Amino acid sequence: MKRVHRYNIMTARKPTVLLTNDDGIRAPGLKHLWNSLKDHCDIYIFAPATEQSGVGAAVSLRAPLHVTEFPWENQTPAWQITGTPADCVRMGTSVVLQKPVDLILSGINKGANSGRNIFFSGTVGGVIDGAMRGIPGIAFSCEDYDSPNYEYFEPHIFSLVQYILDHPLELGTFLNVNFPSSYKKEHKGYRWARQGLGYYREQPQHGKHPDGGSYYWMGGQWAESLEHEESDVHLLKQGFMTVVPVQVQELTDMTAFQGRKEHFQQSLTTVTY
């Protein structure tokens, strides 16, 4: 199922865009994301009050959420929320805003969200929450963690936004975008990619409190996998900007569903209670 809305930036109303992230409302990446869109979109910012890296699409069920206005340039409406990126999207769309949102954009994250890391990413989690309620979006991340060159990639952001405004995504689909490290100055352009397999595996580090109690610092190390040549993990290493369409509307493994349905149901009929 495809959306039918079309936008012409020169003749139509500006699209209403909700910005969020997982690095917190004061993060430089969010400021650069806003800067790339401020002349083209009606922007509303709902971002975590503190860093929420690694929370995925989690929501706060056992703690109150505090929504506080936050001063932003050009009088852009902005709020900081004591919760996760998904909380920010929910509070923005269901509580604060009194009009529909055309797009949810998240980032720009410090560090790549390639491969299966998207399951843990708060940057991606905010966009997932929007996609599940029928709002398309894009998660933006920069491969370079130590010194991400956000400004270098700013001109590319609205080009991607304009693309999905002109060519709407299927219901439940969002784009996961990763920019290559800033040292690859002569990047090789965009690649429509598939989500890779690599991810950060745990590397627990044991320590002891002065009182003798133990603790663990989770830590992490990259778990390499044999990557497809069209995967985002592989293409990022080649210097490409990767764009992966991710679907959350239908989560069923249809191959297993169709291939095992009859056998499974016949097998279980022999079970007695």
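Visitor: Which residue forms a salt bridge with Asp 129?
Guide: Asp 129 pairs with Arg 133, and their closest N and O atoms are 2.8 Å apart. A salt bridge here is a side-chain nitrogen of Lys or Arg within 4 Å of a carboxyl oxygen of Asp or Glu. Please keep in mind that this is a predicted model, in which local features need pLDDT of at least 70 and side-chain atom pairs count only at pLDDT 80 or more, while totals for chains, interfaces and linings use all residues. Residues are numbered from 1 along each chain as its sequence is written, and side-chain values use heavy atoms, with hydrogens and water left out.

Visitor: Are those two buried or exposed, or something in between?
Guide: Asp 129 is buried, because its relative accessible area is 2%, whereas Arg 133 counts as partly exposed at 35%. Buried means under 20% relative accessible area, exposed over 50%, and partly exposed in between, with a 1.4 Å probe and protein chains only.

Visitor: Which residues are in a network with them?
Guide: Arg 90, Asp 129 and Arg 133 are linked in a network of salt bridges.

Visitor: How many salt bridges are there by this rule?
Guide: The count comes to five. One of them joins the side chains of Asp 102 and Arg 13, at 2.9 Å from N to O. This pair links distant parts of the chain, 89 residues apart, with Asp 102 in the loop between α2 and β5 and Arg 13 in the segment before β1. Helices (H or I, at least four residues) and strands (E, at least two) are DSSP runs, numbered from the N terminus.

Visitor: OK, new topic: where is Asp 23?
Guide: Asp 23 sits in the loop between β1 (16-20) and α1 (28-37).

Visitor: Then what does the side chain of Asp 23 make a polar contact with?
Guide: Its partner is the side chain of Ser 53, at 3.4 Å, and the side chain of Asp 23 also reaches the backbone nitrogen of Lys 110 at 3.2 Å. A polar contact is a pair of N or O atoms within 3.5 Å; within protein, one must be able to donate a hydrogen and the other to accept it, and residues adjacent in sequence count only if both atoms are side-chain atoms.

Visitor: Which residues of the largest nonpolar core touch the most other members?
Guide: Of its 34 residues, they are Leu 19, Leu 37, Ile 45, Leu 105, Ile 138 and Phe 140. The largest share of this core, eight residues, comes from α4. A nonpolar core is a set of buried Ala, Val, Leu, Ile, Met, Phe, Trp, Tyr and Cys residues joined through side-chain atoms within 4.5 Å.

Visitor: How many helices and strands does the chain have?
Guide: The protein chain has six helices and 13 strands, and 47% of its 273 residues count as buried.

Visitor: Last one: how many disulfides does the structure hold?
Guide: The structure holds zero disulfides, a disulfide being a pair of cysteine sulfur atoms within 2.5 Å. Among the cysteines, Cys 88 is buried, with a relative accessible area of 0%, and Cys 142 is also buried at 0%.
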